[in-house]
Amino acid sequence: MTPQRQRVLDAVATLGHATPEDVVARVSQDGGATLAPSTVYRALEALESLGVVGHTHLDHRAPSYHLADHADHIHLVCRSCGRVEQCDRSLAETFTGNVLGATGFVADVTHMAVHGQCAACASRS
């Protein structure tokens with residue numbers, strides 16, 4: 001583990017869910033030497049290939065990185081207010097079972113985000 005990768009990993013751990021830009025900003029505030037954004041991107045890729053971090057696409061922009069052991073839930077993204085909630089991935093077992101039975105495809109729901117409306121926004125509609 002290089003010092004640069006450790007700093008990136010520490011930033012992801014602190015932030016919880018973080019875009020690469022969030023990680024760049026956090027690392028620039030940790031008191032260490034400046035890291036180029038390209039170094040942060042390469043560190044995120046390396047940490048993901050090592051299975052230490054994972055990512056989810058919460059929207060059509062940059063992925064959101066998180067610690068790999070944080071992949072035990074599905075992200076619920078409100079299209080109205082932007083709030084991101086979580087639900088246990090076991091709630092998707094019926095869906096993944098149906099996909100498997102119909103297509104033979106083994107779905108990994110830990111990488112996905114479900115878009116819709118949160119309870120507060122839905123009640124206002």
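Does serine 90 count as buried, partly exposed or exposed, and at what relative accessibility? At 36% relative accessibility, serine 90 counts as partly exposed, since that value lies between the 20% and 50% cut-offs. The model is predicted. The chain has 125 residues, of which 31% count as buried, and its secondary structure comes to five helices and five strands.

**Overall chain**

- From the N terminus on, the order of elements is α-α-α-β-β-β-β-α-β-α.
- The C-alpha trace spans about 50 × 40 × 20 Å along its principal axes.
- The accessible surface of the chain is about 7,600 Å², and carbon and sulfur atoms account for 54% of that surface.
- Taking contacts between residues at least 6 apart in sequence, 50% join residues at least 24 apart.

**Helix α2 and its buried face**

- Helix α2 covers residues 20-27, and Pro20, Val23 and Val27 are buried in it.
- Seen down the axis of α2, these buried residues fall within an arc of 55°, so they line one face of the helix.
- As background, an α-helix has 3.6 residues a turn, so residues three or four places apart point the same way.
- The cover over the buried residues of α2 includes α1 (3-15), α3 (37-49) and β2 (64-67).

**Packing of α1 with α2**

- The pair is described by an angle of about 110° and a distance of 9 Å between the axes of α1 and α2.
- α1 and α2 are therefore roughly perpendicular to each other, because angles of 65 to 115 degrees count as such.
- On the α1 side the contact involves Arg7, Val8, Ala11, Val12, Thr14 and Leu15; on the α2 side it involves Asp22, Val23, Arg26 and Val27.
- By class, the residues of the contact of α1 with α2 are six nonpolar, one polar and three charged.
- Val23 and Val27 of α2 take part in this contact, and both are buried.

**Packing of α1 with α3**

- The axes of α1 and α3 lie 9 Å apart, and the two helices pack at an angle of about 80°.
- That angle makes α1 roughly perpendicular to α3.
- From α1, the contact uses Gln4, Arg5, Val8, Leu9 and Val12; from α3, it uses Thr39, Val40, Ala43, Leu44, Ala46 and Leu47.
- The contact of α1 with α3 has eight nonpolar residues, two polar ones and one charged one.
- Val8 and Val12 of α1 belong to the contact with α3, and they also meet α2.

- Threonine 96 sits in helix α4, which covers residues 93-103.
- At 18% relative accessibility, threonine 96 counts as buried, because the cut-off for buried is under 20%.
- Leaving out residues up to four places away in sequence, threonine 96 touches Ala107 and Val109.
- Serine 90 lies in the loop between β4 (84-88) and α4.
- Serine 90 and alanine 62 are 28 residues apart along the chain, and their C-alpha atoms are separated by 26 Å.
- Serine 123 is part of helix α5, residues 119-124.
- Serine 123 counts as exposed, at 60% relative accessibility, because the cut-off for exposed is over 50%.
- From C-alpha to C-alpha, serine 123 and leucine 50 are 43 Å apart in space, and they are 73 residues apart in sequence.

Terms used: Residues are numbered from 1 along each chain as its sequence is written. This is a predicted model: local features need pLDDT of at least 70, side-chain atom pairs count only at pLDDT 80 or more; totals for chains, interfaces and linings use all residues. Side-chain values use heavy atoms; hydrogens and water are left out. Buried means under 20% relative accessible area, exposed over 50%, partly exposed in between (1.4 Å probe, protein chains only). Helices (H or I, at least four residues) and strands (E, at least two) are DSSP runs, numbered from the N terminus. The arc is that of the directions from the helix axis to the C-beta atoms. Contact means heavy atoms within 4.5 Å. Axes are lines fitted to C-alpha atoms, for helices over the stretch in contact, and angles run from 0 to 180 degrees between N-to-C directions. Angles under 35 degrees count as roughly parallel, over 145 as roughly antiparallel, 65 to 115 as roughly perpendicular and the rest as oblique. Ala, Val, Leu, Ile, Met, Phe, Trp, Tyr, Cys and Pro count as nonpolar, Asp, Glu, Lys and Arg as charged, and the others, Gly among them, as polar. Accessible areas come from the Shrake-Rupley method with a 1.4 Å probe; for residues, only the protein chains shown count as cover.
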